[in-house]
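Please open the model in your viewer and keep the selection panel at hand. The stops below go from the whole chain to single residues, and each one says what to select next.

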Amino acid sequence: MAESGWTRHAFAIGIFEFRRSARALWNDKARFGMTAFGLAFPALLITGGIVLFADAIPEIETIPLSNGIRGTIGLFWLFGVFLIGMRTASARTHIEAEPLMLTSVSARTVAGGLVVAETLRVLTYLSLYTLLATGIAVILLGSLPSLVLIPATAVLFAVTAVVAGSVCGYAVAWLVATSRFVARHKTVLGGTAAVLLMGVYFLFLYPQLGIVSQSSLGWLPIAWLTDFAAIGSPLQGSSIRAGGAVLTSLFVLIAGGLIIERETIAFWYTDPVSPDSGEATDNLDSPSDGTESSRRDALAASVTPLVIPRLVARPTRRVAEWTLLRTRREPNRLTFVLTPLLAIGGSLLGSYADSLTLLAAPAAAIVLAWLAGALFALNPLGDEGVVLPATLTAVSGKQYVRGLMTPGLVFGFPIVVVITAIAGVFSPYTLSQRIGLVVLGGFLTCVAVGTTPAIGMALPRFSAISIGQSDDVLPPRISATLIHFGLIGIPGSALVMLLLVPEIARGALAVLVGTVPAFILSVFGSSGGAFASVASGFREIGDMVRAFGLIEFRIGGIIVLVLGGIVAATVLYRHAIRRFDRYSLD
């Protein structure tokens, strides 16, 4: 039963937790910089558009509020629920100093504090855009009620998304804690569910596909918050829907709060099951050919249903199985690997949504190939942790590096080939181009897998960082992730252009090696002299590139890039072996 004054205690806990997470973000300058840039850059673009059309905006008359606008808000709300549910299930299931907190205040107070903290985090992300929307409505449109209604809408949007997401997240966390099957395969099950839900989200986000549209979400009562925010503005909404949105928000808060209290009590006061018990334990307790063999069988059983083929040599296979097990146990670190993908992929999808069928197959060939290498070996030495000394003496460099590469080749290679082929079926490309993209995806997978260990060993991370309540997460360095992404993405994009649009590739190369340096040099040598002469030479280089025959340029460019990829993978593969063999703990 909750103590008296539990709401005041919950707000105090929430404010404290929010300040603690804000300090952690501020201390991690790289993460803070990326977060700030991701928030500020779109806001700057919006501000630029407002300044550009500042004279035309006040002339806007009454505009009916469509289901398309309502559905967009509803879609973003569902996306927020999805993100918060993932955070709650993976990183925010417990509070700091949980034994002390649960013996000092009730579970309702602690759960309420976590909801308050997460709401404050969401409002921090929304604050800049809320300020922009309020400024447009009040200053440019003269809507004084918006000064209160738009911030109130942002608060209702945030708190309802947090409550609904927390309900889903705690339910998933409880299931992982009580079901041995779900606990053993949480990475695979969670990844599959995330991919499916993101797929549904993108279907709504890009109605150009012709399957569903955002307007179909206009019936969601939460989407009617748009009508609430539009009161008193030129947007003509429905007062009934506005009232329905407020009532729905209150219902979500009350019902969701009661469910969260029951879920957290069941979750926090339940001993979690052991994901490694069962089949692996049975094999360990009942050895058929000795203790060492049973221990190895337990390692193989711990990564099921994934299986490393017996054709792989035993030391290499054990390294591969250990790499898979480590990835399954620490899915939080994969978030850092996916950061460049989400940032760049989201921008491209937003800019080229109409050309999704054109981009799907090339993107699969490049991005999935990069993921096949990046998911398993971008921080191999740091991932070993306290067992690194034993690993250095147990296997050779060749066995270790090949073990790191094996998961990407065994599982990543066929996935890349199959998905690229499927995406190619729905693309407008010719049969030869589709086959070329499939071959390209397989080639880039091999290059990505071959180059990852060396980059990860050159830029290791040994110090754990905090993600939510997890204080021992060891993700790869952001610099290693970006370098590897560029190493695969830039040449891969060039190969795609040579395969699909060689004339554009030729023009781009001419501009890169001719026009751009000539322009820069001409600025410094505008009055003649040596700079002007060198600039003229670069222009001639650009003209020479444009003069190449299209067939010769395509074949030559592909040969150069393919040979470059083979050389890079070979050199970095051998470098990784030498680095491991010569590695010293001193």
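A residue is called buried here if its relative accessible area is under 20%, exposed if over 50%, and partly exposed in between, using a 1.4 Å probe and protein chains only. The model is predicted, so local features need a pLDDT of at least 70 and side-chain atom pairs count only at pLDDT 80 or more, whereas totals for chains, interfaces and linings use all residues. Residues are numbered from 1 along each chain as its sequence is written, and side-chain values use heavy atoms, with hydrogens and water left out.

**The whole chain**

Begin with the cartoon, in which the protein has 23 helices and four strands; these are DSSP runs numbered from the N terminus, with helices being H or I of at least four residues and strands E of at least two. Of the 586 residues, 41% count as buried. Counting a contact as heavy atoms within 4.5 Å, 79% of the contacts between residues at least 6 apart in sequence join residues at least 24 apart.

Next, colour by pLDDT, the predictor's confidence in each residue from 0 to 100. The protein averages 82, and 85% of the residues score at least 70. Confidence is highest in helix α19 (residues 431-458), with a mean of 94, and lowest in helix α11 (residues 279-285), with a mean of 39. Select residues 278-295, where the pLDDT is below 50 and where the model has 13 contacts beyond near neighbours in sequence. Where pLDDT is low, the predicted coordinates should not be read in detail.

**The nonpolar cores**

A nonpolar core is a set of buried Ala, Val, Leu, Ile, Met, Phe, Trp, Tyr and Cys residues joined through side-chain atoms within 4.5 Å. Select W77, V110, I260 and W268, which have the most contacts inside the largest core, a set of 37 residues. Helices α3 (67-90), α4 (98-104), α5, α6, α9 (225-229) and α10 (239-268) each supply at least two residues of this core, and α6 gives the most, with 13 residues. Around W77, leaving out residues up to four places away in sequence, you will find F157, T160, A161, A164 and I222 in contact. A second, separate core of 24 residues includes V367, W370, A423 and V447.

Now move to T226 in helix α9, which counts as buried because its relative accessible area is 11%. With residues up to four places away in sequence again set aside, T226 touches L65, I69, R70 and I73.

**A serine in a loop**

Select S143, in the loop between α5 (107-140) and α6 (146-178). Is S143 buried or exposed? At 2% relative accessibility, S143 counts as buried. Its side chain makes a polar contact of 2.8 Å with the side chain of S146; such a contact is a pair of N or O atoms within 3.5 Å, where within protein one must be able to donate a hydrogen and the other to accept it, and residues adjacent in sequence count only if both atoms are side-chain atoms. Beyond its neighbours within four places in sequence, S143 is in contact with A137, V138, I231, G232 and S233.

**Aromatic rings**

The structure holds four aromatic pairs, a pair being rings of Phe, Tyr and Trp (its six-membered ring) with centres within 6.5 Å, counted as stacked if the planes are under 30 degrees apart, edge-to-face if over 60 and tilted for the rest. Select W370 and F485, an edge-to-face pair at 4.8 Å centre to centre with 90° between the planes. This pair links distant parts of the chain, 115 residues apart, with W370 in helix α15 (residues 356-377) and F485 in helix α20 (residues 478-500).

Then select Y400 and F580, whose ring centres are 4.4 Å apart with planes at 15°, so the pair is stacked. Y400 lies in helix α18 (residues 397-425) and F580 in helix α23 (residues 550-581), so the pair ties together parts 180 residues apart in sequence. Y400 and F580 are buried.

**Last selections**

In helix α20, select T481, which is buried at a relative accessible area of 1%. The C-alpha atoms of T481 and N379 are separated by 9.6 Å, although these residues are 102 residues apart along the chain. Finish in helix α18 with V425, which is exposed at 55% relative accessible area.
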